[in-house]
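Here's a quick tour of a protein chain for you to follow on screen. Keep the picture open and find each residue as we get to it.

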Amino acid sequence: DAAANMLAVGAELAAALNAAGICTVQDTALHDYPSYNGSYGRSRAATEKWLAEYPGIKVVLDVHRDAIETDGVRIKPTAVINGQKAAQLMIISGADDGTMGMPAFWENLRFAAALQAAVEGTYDGLARPVLFDYRNYNQQLTTGSLLLEIGGHGNTLEEAKYTARLVGNVLAQLLRENA
């Protein structure tokens, strides 16, 4: 149900960016359906299609929720922002050890660090530390590619949507400042 899953969270993020004057398109395909296996290949094909259709795209955000459990108990990472519970954000930036075809991965890491600092500087406690790891999340497609983990599977949809709006506002400001 697109109104009750991460597509709804992505829609909130896209709406916040568009409202702030950052032209945004959202891919609404479920890339992890029918199986998580192969989801990054399907996501890559979709991203390449969007980049071909709109060659001016500078930023590609892959919106997820984290799966955090301890002893079978779902963890719900939250912060209270303006008196309201928000799902915490974790930004993931892939690294390349020379075998992954991501020669410009440092640019994505710089972007991840700038976004994490801007979110945390605006909304104390909303951003978890950036995860920088030797993984390929299709981030070789642009030097503005990040994976955003908005909360986890223990968070409510409203907490995640609220975070998407907050992050969208901060990201819009960051993009305007660095245009």
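Let's start at the surface: Asn 82 counts as exposed, because its relative accessibility is 68% and anything over 50% falls in that class. Keep in mind that this is a predicted model.

- Asn 82 sits in the loop that links β4 (78-81) to β5 (84-87).
- Its phi is near 55°, which is positive even though Asn 82 is a residue other than glycine.
- Why is that worth a look? Most residues other than glycine have a negative phi.
- Asp 71 is another non-glycine residue with a positive phi, of about 50°.
- You'll find Asp 71 in the loop between β2 (69-70) and β3 (73-74).
- Is Asp 71 buried or exposed? With 80% relative accessibility, Asp 71 counts as exposed.

**The whole chain**

- The chain is built from 4 helices and 8 strands.
- Reading from the N terminus, the order of elements is α-α-β-β-β-β-β-β-α-β-β-α.
- Its radius of gyration is 16 Å, and a compact globule of 179 residues would come out near 16 Å, so the two agree.
- The C-alpha trace spans about 40 × 40 × 30 Å along its principal axes.
- Of the 179 residues, 43% are buried.
- Take the contacts with a separation of 6 or more: 74% of them join residues 24 or more positions apart.

**Helix α1**

- Asn 5 caps the N-terminal end of α1, with a side-chain oxygen 2.8 Å from the backbone nitrogen of Leu 7.
- After α1 comes Gly 21, with a positive phi near 90°.
- The buried residues of α1 include Leu 7, Val 9, Leu 13 and Leu 17.
- What do the buried residues of α1 pack against? Their partners are β1 (60-66), β8 and α4.

**Helix α3 and Gln 116**

- α3 has 18 residues and reaches 26 Å between its first and last C-alpha, close to the 26 Å expected.
- Phe 105, Asn 108, Leu 109, Phe 111, Ala 112, Leu 115, Gln 116 and Val 119 are buried in α3.
- Those residues cover an arc of only 160° around the axis, so they are on the same side of α3.
- The buried residues of α3 pack against β6 (89-94), β7 (131-133), β8 (145-152) and α4 (157-177).
- Gln 116 belongs to this helix, which covers residues 105-122.
- Gln 116 counts as buried because its relative accessibility is 19%, and the cut-off is under 20%.
- Leaving aside neighbours within four places in sequence, Gln 116 is in contact with Ile 91, Ala 127, Arg 128, Pro 129 and Val 130.
- Its side chain reaches the backbone oxygen of Arg 128 at 3.4 Å.

**Nonpolar cores**

- Which members of the largest nonpolar core touch the most others? Among its 28 residues, those are Ile 81, Leu 115, Val 119, Leu 126 and Leu 148.
- Not counting residues up to four places away in sequence, Ile 81 touches Ala 86, Tyr 123, Asp 124, Leu 126, Tyr 162 and Leu 166.

**Asn 155**

- Asn 155 lies in the loop between β8 and α4.
- The side chain of Asn 155 reaches the backbone oxygen of Pro 77 at 3.1 Å.
- That side chain also makes a polar contact with the side chain of Glu 159 (3.1 Å).
- Asn 155 touches Lys 76, Pro 77, Thr 78 and Ala 87, not counting residues up to four places away in sequence.
- From Asn 155 to Leu 175 is 20 residues in sequence and 28 Å in space, C-alpha to C-alpha.

Terms used
Residues numbered from 1 in each chain as written. Predicted model: local features only at pLDDT ≥ 70, side-chain atom pairs only at ≥ 80, totals over all residues. Heavy atoms only, no water. Helix = DSSP H or I, 4+ residues; strand = E, 2+ residues; numbered from the N terminus. Buried < 20%, exposed > 50% of the residue type's maximum accessible area, 1.4 Å probe, protein only. Polar contact = N/O pair within 3.5 Å; in protein donor to acceptor, adjacent residues only side chain to side chain. Contact = heavy atoms within 4.5 Å. Expected span 1.5 Å × (residues − 1). Arc of directions from axis to C-beta. Core = buried A, V, L, I, M, F, W, Y, C linked by side-chain atoms within 4.5 Å. Rg over C-alpha atoms; globule rule 2.2 N^0.38 Å.
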